Amino acid sequence: MAYLTANTKRVTTTELIRMKAAGKRITMLTAYDTLMAGILDQAGIDVLLVGDSVSTVLAGEETTLTATLDQMIYHGRIARRGTSRALVVVDLPFLTYQVSIEDAIRNAGRVMQETGAGGVKLEGGENLAPTIRALVDVGIPVMGHLGFTPQSVHSLGGAKIQGKEASAADRLVSDAKAVEQAGAFAMVLELIPAAVAERVTKAVSIPTIGIGAGIHCDGQVLVTHDMLGLNEGFAPKFLKKYAELGKAMKEAAEQFAADVREGKYPGPEHSH
Ligand code: KIV
């Protein structure tokens, strides 16, 4: 029996684990809509993360805490629609998995059922291990997220590097092992020193995907709008801008306005 359509060549969670074992680096970018997800899918990005960063990046909120389950489901569904190869992972938003395991299963289940995603991501270490185990046990693949965890920004006192002291670094390693043992297929490491990320990466057999965590992770993730230079004022040390689309868009809009004002657009070639 065919469980997937015949031409499906989607990246799977088990494929990512094999990539780590084979020393192949994993690429991950955020996507919140069909058009962007389609372009990134065609570019061969392995994993598309429908991050709760949609709240800050698209909706102009100060933190990711405002993202709701319905919003994540909406963005998950429209992003997945643009893809045919990438594994799509949707963030579980704040308070949809921390209150009880029952809530977590119901909410993650809705994400899987209503978006067609291949997995969910949640933030936390050893404290969340029973929740990760419960989700995995009902067939929901889970990606963990350690280091700076944006849903805890208020208690962490801002977007700060985590794991700088020896005890905090040890804690990251034990959290990573707990996340792996609970059955997660991968984990994001955000804003931690490169040497600590290297320790964590060596301590687990599931892939680590870093953002601001140095070169030793098994893969790298960036927020697409940031790496495209759409968010011109945002320039943290870890960010490499691969394009300056914010500047290009402004120039295009200025050119359009000038053409309209000067009666140059539409020309005969644009008229019926
Ligand atoms: O929400 C998000 O985009 C993320 C990435 C920064 C990893 O969690």
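Start with the largest pocket, which has a volume of about 680 Å³. The model is predicted, so treat every stop below as part of a predicted structure.

**Stop 1: the largest pocket.** Select Ser53, Thr56, Phe148, Pro150 and Glu190, which lie nearest the centre of this pocket among its 31 lining residues. Then colour α3 (54–57), β6 (186–190) and β8 (219–222), the elements that each give two or more residues to the lining. Colouring the lining of the largest pocket by class shows 15 nonpolar, eight polar and eight charged residues.

**Stop 2: the second largest pocket.** Move to the second largest pocket, which holds about 570 Å³ of space. It is lined by 25 residues, and those closest to its centre are Gly210, Gly212, Gln220, Leu222 and Phe238. By class, the lining of the second largest pocket has 16 nonpolar, six polar and three charged residues.

**Stop 3: a helix pair.** Select helix α8 (residues 166–181) and helix α9 (residues 194–203), whose axes come within 9 Å and cross at roughly 30°. The two helices, α8 and α9, are therefore roughly parallel to each other. The crossing of α8 past α9 is right-handed.

Now show side chains. On α8, pick Ala169, Asp170, Leu172, Val173, Ala176, Lys177 and Glu180; they meet Val196, Arg199, Val200 and Ala203 on α9. This contact of α8 with α9 comprises seven nonpolar and four charged residues, with no polar ones.

Notes:
Residues numbered from 1 in each chain as written. Predicted model: local features only at pLDDT ≥ 70, side-chain atom pairs only at ≥ 80, totals over all residues. Heavy atoms only, no water. Axes fitted to C-alpha atoms, helices over the stretch in contact; angles between N-to-C directions. Helix = DSSP H or I, 4+ residues; strand = E, 2+ residues; numbered from the N terminus. Parallel < 35°, antiparallel > 145°, perpendicular 65-115°, else oblique. Left-handed = near helix turned anticlockwise from the far one by under 90°. Contact = heavy atoms within 4.5 Å. Nonpolar A, V, L, I, M, F, W, Y, C, P; charged D, E, K, R; others polar. 1 Å grid on protein atoms, 1.4 Å probe; cavity = no way out; pocket = protein on both sides within 12 Å on 5 of 7 lines; lining within 4 Å. Points joined across faces, edges and corners; volume = space filled by probe spheres on them.
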